[in-house]
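Please open the model in your viewer and keep the sequence panel beside it. The stops below say what to select next and what is to be found there.

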Amino acid sequence: MNKFLLATYRLRILFRGVFLLLAVATVGLALSVLQQEKQLSYNNYQSNFNKTRLQISATLRHPAGQLALLNPPVENQRASLHPLLLPYSAIDFDDQNKVQQAIAMSGCLVQYGNEGALCSGIGNNPWAGGFIYVAGNFNSKQLVSHKRGNESLMQAHRLKVSVSLRGQTYRWIAPFEEEIAPARQNQGVRGRLTGFNESEANKPNARPVKDFRGWAWQQAVCNQADLDDKDADCQKNTFFSLRLPIPALQEALFEKKRPVWPPQDLDQMEVSLSVLPPDSETALLDSKSAPTATPFSLKDLQNNLLPGETLIIRKRDAQESKDDLVNLTGAFEQSDESWNIITRLIRRLPVDEYDIPLESRETINTPLANYEVLLKGDVRSVSKSLSVVASRVSWFVGAMLLALTLAWLLIEVSIIRRITLLTRRAVSLSKTMKGAGELEQFDVSDLRSPDELGVLASCLHDLLRRVKEDVERETIRTEQEKEMWHAVGHEIMSPLQSLMALHGNAEDQSNRYISRMQQAIRVLYGSASPSEAFQSTVLQVSEIDITLFLKNVASNAPLVGIPNVTYEGVNEVVMVKADEYSLEDVVTHVLRNAERYRESGTVISIKLENSETAATITMHNRGPHIADDLIDKIFEYGVSDQLDSGAHGNRGQGLFVAKTYMAKMGGTISAQNVADGVSFTLSLQRGSS
């Protein structure tokens, strides 16, 4: 007895133990991989942290970084050109190469698409005081020079410049005056930009502003290689540099008290510059237009930070956090989400040197002040970033565990459970059959073993002898019943035909039941044709919104291989009497016919029109006309214009079904040849609501 009980549980213990070990191994493998990935991610984070530190340090020591330090970002700064404190105290604005090198190194240029670029800076020298510099480039045709003695400045290329600060606005107009120099090969045009006060520019004998300085250099070759230098459409690049005299800045440097440099209201100063062609007010370059690229800013360093890293830049003498120039944090990807339970699990996985804080401090020296750069790393971001990946991978681990669980349940329910039941019933049945005669036709003695299947094999050895006899008797009985049912069906059909003749009136209730009996006999007896089956279908007619129905059909048509179907017509609710599913079959059959014959790339249109009593649906496709001898027959069963239609699954029954269903819903369907194709018209009765 004890051996029998052990045998009945042995396979179940084995199967469950194997699946439990597989589940534990899967979870253990996933944790081992996560631990290794965490170690690799942490090592990569340390390496990338050092790279970020070196990159930020190199950027801030570059003149462009120095420019960003000297001009920290200002909250709610207006989108206009402001003078910047350059890393140089002054610019040699008379030398083209020096000016270009200075603004290129500092990175102060503001780009305005293909129109040009501008850089505005502030500087000073001990003799002349404070100035505002403006340099840049623009594209134009050959520069037209202002002739001395000509009172009108509009006939030449000119710059219109204004500076607003401390409640005052200074405005100048600077026409281009070409400098006559010995001709050199491949040398462009060079000249001065003479500044006049805008209020006095057009007055007779207007005198230029003494301290206003400006130069312009236009290159000799065209911007486009396929144009000749003398071509009327030739656009050439012109570089210019200006030094604008600002009395408020000049006077401040010569006051008795020690001046504050740079000015504290530097971010409030605004510079406006536009380049005007001769005899026109349409600017070639305007600083008021939206820039396409701005100078490097400290906030741009955020793109260098890894998730979790924090960058703080402050002056060395700053003590409070409110004095920080910037406080930036590397952003996490918001599109991916992680599970908190996975994040907590990853943080508990041990890795080497994980608890060592990552922090770096450096000092950046500038001409005006020293700045402290503090970079902090957050190793928790490693776990958070890894948990995002782990959350996606966890679906695969979960799928593996689910597959194991389903496999176990499948074996448990469909095999083990059934084997257990069969074992118990077979043992019980075998005890009641021990006195019967022995039949050795089905020998399963080689399958005997001390487990559930062995017990089942021993019982089957006794049972299969009787099973064969029962199967043979059942086979004979089934054949006899089959022949009997065929005979009954044949004999019943004749009386039913006679009854149909007696009750042939369609309004007679007996006719309905006899018809149903005939249909049942045909189906059971296997003689019902497809056309008879369709015609005998009973539809459940109700009221539906035909507008919404047709919109859904048009939008879902591509899903069944019928693209480019559009709906036209009313957008209001139109209730009709129809069977929704049968009406869908009708529309689908018509659309498939339209798809088969329409011209490639054309649209099948569905149009709805309604009146007080009916709703009319018109489906139109562009293509060949229906033959005149077929247009009245296409709704008949088996009619098709394709000789090999049966080989392609087109048996000429689609439009027959459509007409049958429409008739059962109280509607009509017809086809007409129109000028550019064929139209099918469906008419349905309006509902009461």
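On this tour, a residue is called buried when its relative accessible area is under 20%, exposed when that area is over 50%, and partly exposed in between, with a 1.4 Å probe and protein chains only. Residues are numbered from 1 along each chain as its sequence is written. This is a predicted model, in which local features need pLDDT of at least 70 and side-chain atom pairs count only at pLDDT 80 or more, while totals for chains, interfaces and linings use all residues, and side-chain values use heavy atoms, with hydrogens and water left out.

Begin with aspartate 231, which lies in the loop between β9 (213-218) and β10 (236-245); helices (H or I, at least four residues) and strands (E, at least two) are DSSP runs, numbered from the N terminus. Aspartate 231 counts as partly exposed because its relative accessible area is 32%. A salt bridge here is a side-chain nitrogen of Lys or Arg within 4 Å of a carboxyl oxygen of Asp or Glu.

Leucine 402 is partly exposed, at a relative accessible area of 48%, and on the surface Leu402, Leu406, Leu409 and Val413 form a nonpolar patch with about 350 Å² of accessible area together.

Next select strand β11 (residues 270-276), where 6 of the 7 residues are buried. Strand β5 (residues 158-165) pairs with β11 in the antiparallel sense over 7 bridges, two strands being paired if DSSP finds at least two bridges between them. To follow this pairing, look at serine 164, whose bridge partner in β11 is glutamate 270. β11 also pairs, again in the antiparallel sense, with strand β12 (residues 285-286) over 2 bridges, and leucine 285 in β12 is the bridge partner of valine 275.

Finish with two helices. Helix α2 (residues 63-70) is largely enclosed by the rest of the structure, because 8 of its 8 residues are buried. In helix α12 (residues 654-664), 8 of the 11 residues are buried, among them Phe656, Tyr661 and Met662. After α12 comes glycine 666, whose phi is positive, near 80°.

Methods. Patches are made of residues with over 30% relative accessible area and no salt bridge: like charges are joined within 9 Å, nonpolar side chains (Val, Leu, Ile, Met, Phe, Trp, Tyr) within 5 Å. Accessible areas come from the Shrake-Rupley method with a 1.4 Å probe; for residues, only the protein chains shown count as cover.
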